Amino acid sequence: MPYQIAIFRDIRVMSSPHQYLLQNSQSLNPENVSRLSNSLSLSLSLSLEEKMEISLAAVTISIAIAVVSWWVWRTLKWVWFKPKMIESYLRRQGLSGTPYTPLVGDLMRNSSMMAEARSKPIKLTDDIRPRVVPYPLQMLKTHGRTFFTWFGHIPTVTIMDPEQIKEVFNKVYDFPKTHAFPLGRLIAAGLVSYDGDKWAKHRRIINPAFHLEKIKIMVPAFHQSCSEVVGEWDKLVSEKGSSCEVDVWPGLVSLTADVISRTAFGSSYKEGQRIFELQAELGELIIKVFRKVVIPGYMYLPTKDNRRIKAAAREVQVILRGIVDKRLRAREAGEAPCDDLLGILLESNRMQAKGNGMSIKEVMEECKLFYFAGQETTTVLLVWTMVLLSQHQDWQARAREEVKQVFGDKEPDADGLNHLKVMTMILYEVLRLYPPVTQVTRTIHKETKLGDLTLPAGVHISLPILLVQRDTELWGDDAAEFKPERFSEGLSKATKSQVSFFPFTWGPRVCIGQNFALLEAKMAMSLILQRFSFELSPSYVHAPYPIITIHPEFVTISLVMWWTWKTLKWVWLKPKMLELYLRGQGLPGTPYTPLVGDFRNFRVLMKARTKPINLTDDIIPRVMPVTLHMLQTHGRTFFTWLGPTPIISIMDPEQIKQVFNRVYDFQKPHTLPLARLIATGLVFSDGDKWAKHRRIINPAFHRDKIKNMVPTFHRCCIEVVSEWEKLVSDKGTSCEVDVWPWLLNLSADVISRTAFGSSYKQGQRIFQLQAELAQLIILSVQKTYIPGWQYLPTKSNRRMIAIDREIQAILRRIISNRETAIEAGEAPSDDLLSILLESNLGQAQGDGMSIEDVIEECKLFYIAGQETTSVLLVWTMVLLSQHQDWQDRAREEVMKVFGNKEPDTEGMNQLKVVTMILYEVLRLYPPVIQLNRAVHKEMKLGDLTVPGGVQINLPVLLVQRDTELWGDDAAEFKPERFQEGLSKATKSQVSFFPFGWGPRICIGQSYALLEAKMAMALILHRFSFELSPSYVHAPYTVITLHPQFGAHLLLHQARGVPLD
């Protein structure tokens, strides 16, 4: 290497190798020549390499200079040249606007004006535009109705002309959505951000979920979600007295979130709660970042806010993925709905491979969008509606009057909501003055004509909804005033057929959920107006501000729970009006006593219970003393008072028939909320819900299905009879037994085994709790003349709530065990519980029951399945003890039909004497002594016109013991009256209805009668019986007609029947 370097140095001194040769020609020899040759070769090689290195460096530098120049040029073009060219282009067309400020445009001016506007609230009478859209408003005043401003380097042309707005909305392919702010897509992308064919495809896929008929089906879900929030407000007001200050905003947020969760995603608000919290946080953070986009690339910097935005967006994705995966698993198992939004989106995913569907990623984006948009739009509409109606009490009163006229106290339904004309006018006016979104923006990708304007590519078009909808040129001098009457003749007349009202936008891209939002808002406002009047609290601060949608910065409304007025109306005005109305028709009744009505008569009932009666005495004076007194005083049709509610008692079979047949006109009353703790289910349901539940449950009580239960009836009855045999055997041939608790256990065991696939012991705790609950409720009813007594935290009220919780927990365990057994293929598929659980699979499609519904039906059938038959059996044994001739006739028939064989279905259908006896017992001692129905709107009933708010009482016991209908011997035990059948005995009148009558006749009637026949056949076969000297005759009502002191009978071994 040193040698080479030395030669290299030598060569570099010479001008060329040739010069070196000339200078050293004298000293050349062969060795030198060889050395020189090598040196020349090395010299030439090094020269070429050096030249190549120089060329490569030059190219690299040239490329770098070109790239930097291109980047500099592109940046200059982006930051300066293109904006200035477009500005010049726009000004040449006569458009005025702000001068372009490099890079930031008008963002700093806009942000500073917004910050200043938000620094102080405004008066209720002030225009909200200077606070919500201060910069566009100033530009409108300065530059006229068409002007341009700058969103960073992008020029935005704002237009106010309805014809130009219409053109923008109609030409969806020429004016697509803007995508200038990428962070906005973290909240929601989906349908709202798509363009072209992708938008058209997604719109086509999603459309069925928001079809008008589909939305009508969602109305019960709207009602459920709204009722929960209104119920919470009710409690708050009740706790405070007659009025209460409430920040309604959080409640409305929960309400709308719950609605979109239930209807679109088949979940509850709680399941998606975290999504709503995260999206709200994202909205705040993104607006915060938006104000700093004047700093180039700020949104991409790893600031605390930007990191939180990305973390929140990731968490939303994870939760949504969980919801989607859960639905996919349910769909594979055939347990998921397919016609809600999520079902439709996932169904489309199956078609993705053919290009007709959505990817899972797209599905999740649509979910994010509808979670956000489904909540925000309606929440904002509802809160501003409440604020404006608080300010304008005359319109609040008109809206309430309309709601009362259409629905009364009934649950709002889809048809009724569509008849709320005043409500619709109010909602439109709120949407005009406080549109959820203050403006929408479109972009242009090629030179486009818009009216007289020619707009270059790269321009945005702003459609300022708030400015247009409050524009005096379009809406008149009163544009800023709340005047719903402007919509009295419809939208077209109000807008003069111009596009000047577009809170949900307009044209082909009009919001897909606008009908959903309006119907939900009508439901919520109907329930709120039914329960409350409201006004602005003194602490209310009027400060609307935009966080994507227009939010109230501070909201407090005083819910004067309608209470002051409603209580007065409920306690005095309405009852007195109804009393006058009824007396005007010639109906007699008791005068109204404020609040308590005829509750004072409970003392008469309690006094009647203090002493037993003789076996030959009429039971009515003990069981229904007040009603009997009214019948004797006022005649066969009269009214009494259940608190402030008038009760019309009718005895005419034709009127009774009408009430039973017209199930939608005469519905079940719900005046005693505590009774629902025992059981709701089928017996308390009305309308479509009752029809659906009845259809689901019917197969469990089909006649052929009941025949299959007969062996179970026999097994349960034989266990009790065998126990009695042991007792008699221990005593010799006779024994005194209180048969009442035994019969309760028997009927409880039967219902447990046949309907729930368990034994009495498994459900024993339920029966004990329900019996205790019934006693506590009866005690509480006697104190309801003290307003709100049932809501006070008394010892008995706390116990009732604890009992209900325990029953719910036991039933959930039974249901859980059955679900596990069903999955393992080890459970029956045709008993009542399985039928109910099978229906639960169809719940999301609206065809089945929720688990809560299933629990309520279980509670109902546990108590009804026990009470009805045990009461029938105990009074049958008491009456046959009293009438030994009929006991002998019944035993003789049993022995003749069965001998010593096990009773079967065919044989029991031949027990004519036993059937006559059971009918006569049901006539004299019906399980339920009266039935009530409620009237929600004015109704004709025979010659009567019954107003809404009245109840109809059908006194079963009085009718079935009425001498005008049954003859002078109506109070006597004469089974022979039924020997030619029911129709002949009743003379084809509705005068016998121990199980109800008509479409709502007790679903378990055949079940109860067959069970009673089996029990009596076995008892009569094994024993004769008579009343014990210690028997005390004291029938009294604990929901059903019980023997107050039990039923002490002497059981004797039947002649010729061995005890072993």
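Tutor: One term to begin with: a salt bridge is a side-chain nitrogen of Lys or Arg within 4 Å of a carboxyl oxygen of Asp or Glu. This is a predicted model, where local features need pLDDT of at least 70 and side-chain atom pairs count only at pLDDT 80 or more, while totals for chains, interfaces and linings use all residues. Residues are numbered from 1 along each chain as its sequence is written, and side-chain values use heavy atoms, with hydrogens and water left out.
Student: What does D665 form a salt bridge with?
Tutor: With R662; the closest N and O atoms are 3.1 Å apart.
Student: How many salt bridges does the structure hold?
Tutor: There are 41. Another one joins K576 and E579, at 3.0 Å from N to O.
Student: Where are K576 and E579 in the helix?
Tutor: They are three residues apart in helix α24 (residues 563–584), so about one helical turn separates them. Helices (H or I, at least four residues) and strands (E, at least two) are DSSP runs, numbered from the N terminus. K576 is partly exposed at 26%, whereas E579 is buried at 5%.
Student: Which residues are linked in a network of salt bridges?
Tutor: E429, R432, D478, E481, K483 and R486. Within that group, K483 and E481 meet at 3.7 Å, N to O.
Student: What else does R432 do, with W475?
Tutor: Its charged end sits over the ring of W475, 5.1 Å from the ring centre. That wording requires NZ of Lys or CZ of Arg within 6 Å of the ring centre and within 35 degrees of the ring normal. R923 is placed over the ring of W966, also with 5.1 Å to the centre.
Student: New topic. How many aromatic pairs are there?
Tutor: The count is 26. Rings of Phe, Tyr and Trp (its six-membered ring) pair if their centres lie within 6.5 Å; planes under 30 degrees apart are stacked, over 60 edge-to-face, and the rest tilted. F222 and F516 have ring centres 5.2 Å apart and planes at 85°, so that pair is edge-to-face.
Student: Where do F222 and F516 lie?
Tutor: F222 is in helix α11 (residues 219–240) and F516 in helix α23 (residues 514–531), so the pair ties together parts 294 residues apart in sequence. Both residues are buried.
Student: Which rings link into a cluster?
Tutor: W80, Y100, F148 and W150, through ring pairs.

How values were computed:
Buried < 20%, exposed > 50% of the residue type's maximum accessible area, 1.4 Å probe, protein only.
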